[in-house]
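Let's take a walk through a protein fold, one piece at a time. Have a look at the sequence and the model before reading on.

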Amino acid sequence: IEKPENKNEEFTNVVYNNWRDKIEISFQAPEIWETEHLESATEYGRLIHKILADIETIADLESVIKKYLSAGIINPKEAEDISQEIKQILSLSTIKPFFTDLDKVINETSILLPSGKTYQPDRVVQKNNETIIIDYKTGNQEASHLKQLANYQTILLEMGYKNVKSYLLYIKDRELVSL
């Protein structure tokens, strides 16, 4: 009887890449998935944030609200309430300039760094030779928000943007905080 040939091979040099280092999980999906029932303040805040991300100028508000209504994301009562709330926010004298007479608007656009990390400011506006970063916050003020904003500002300056100013817009408090 012949002995079968050993078909096992030993690998001495294996190239291994940890998939966890290559995949980044986005936690933005709940912004869409959890809008069926706007029962919690968190869900409501996410929806306001999402609608603001779809607005370039104040004039866009009604068409964006209609889009959400047509898609069944909000009902007519919610559409009315949200529209009123956002109108009030955008009409504030400290906020209105960031939604009118703009040269360029970049909403929710990822910035890929050479390191592979991505960052996504909520709104970057170019107006009158200034670059303005606005990050929306629907919760309470936290020190980490200022750190995040400072990081965005540093990144844009490194990208060659000039005259960069940065603000946090606290939706619930209707307060604009400068870096």
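At what angle do α2 and α4 pack, and how far apart are their axes?

## Two helices that cross

The angle between α2 and α4 is about 65 degrees, and their axes are 11 Å apart. Here an axis is a line fitted to C-alpha atoms, for helices over the stretch in contact, and angles run from 0 to 180 degrees between N-to-C directions. The crossing of α2 and α4 is right-handed, a label used if the near helix is turned clockwise from the far one by less than a right angle. On the α2 side, Y44, L47, I48, I51 and L52 make the contact, and they meet D81, I82, E85, I86 and L90 of α4. Contact means heavy atoms within 4.5 Å. Sorted by class, the residues in this contact are eight nonpolar, no polar and two charged. For that sorting, Ala, Val, Leu, Ile, Met, Phe, Trp, Tyr, Cys and Pro count as nonpolar, Asp, Glu, Lys and Arg as charged, and the others, Gly among them, as polar.

A word on what you're looking at: this is a predicted model, where local features need pLDDT of at least 70 and side-chain atom pairs count only at pLDDT 80 or more, while totals for chains, interfaces and linings use all residues. Residues are numbered from 1 along each chain as its sequence is written, and side-chain values use heavy atoms, with hydrogens and water left out.

## The whole chain

Now zoom out. The chain has five helices and seven strands, and along the sequence they follow the pattern α-α-α-α-β-β-β-β-β-α-β-β. Helices (H or I, at least four residues) and strands (E, at least two) are DSSP runs, numbered from the N terminus. Of the 179 residues, 34% count as buried. Buried means under 20% relative accessible area, exposed is over 50%, and partly exposed lies in between (1.4 Å probe, protein chains only).

## The nonpolar cores

In soluble globular proteins, nonpolar side chains tend to be buried together. A nonpolar core is a set of buried Ala, Val, Leu, Ile, Met, Phe, Trp, Tyr and Cys residues joined through side-chain atoms within 4.5 Å. The largest one in this model has 28 residues, and I51, L52, I55, I74, I82 and I86 have the most contacts inside it. At least two residues each come from α2 (41-53), α3 (61-70), α4 (76-90), β5 (130-137) and β6 (164-170). The top supplier is α4, with five residues. There is also a second, separate core of 11 residues, including I111, L149, Y152 and L168.

Leaving aside neighbours within four places in sequence, I55 touches D60, L61, V64, I86, F99, N107 and R123. I95 lies in the loop between α4 and β1, and it counts as buried because its relative accessibility is 0%. With the neighbours within four places again left out, I95 is in contact with I89, L90 and L169.

## The sheet

What is the strand order of the open sheet? Its five strands run β1-β4-β5-β6-β7, with mixed pairing. The edge strands are β1 and β7 (175-178), each pairing on one side only. From one strand to the next, the twist averages 20 degrees.

Two strands pair if DSSP finds at least two bridges between them. β1 (residues 104-107) and β4 are antiparallel over four bridges, and K104 stands opposite Q126 in β4. β4 and β5 are antiparallel too, over five bridges, with R123 opposite I134 in β5. β5 and β6, however, are parallel over seven bridges, and K137 has Y170 of β6 as its bridge partner. Four of the five residues of β4 are buried, so β4 is largely enclosed by the rest of the structure.

## Two asparagines with positive phi

Most residues other than glycine have a negative phi. Which residue in the turn of the β4 and β5 hairpin has a positive phi? That residue is N128, at about 50 degrees, and the hairpin has two residues between its strands. N128 counts as exposed because its relative accessibility is 59%.

N163 also has a positive phi of about 50 degrees, and it is found in the loop between α5 (143-158) and β6. With 48% relative accessibility, N163 counts as partly exposed.
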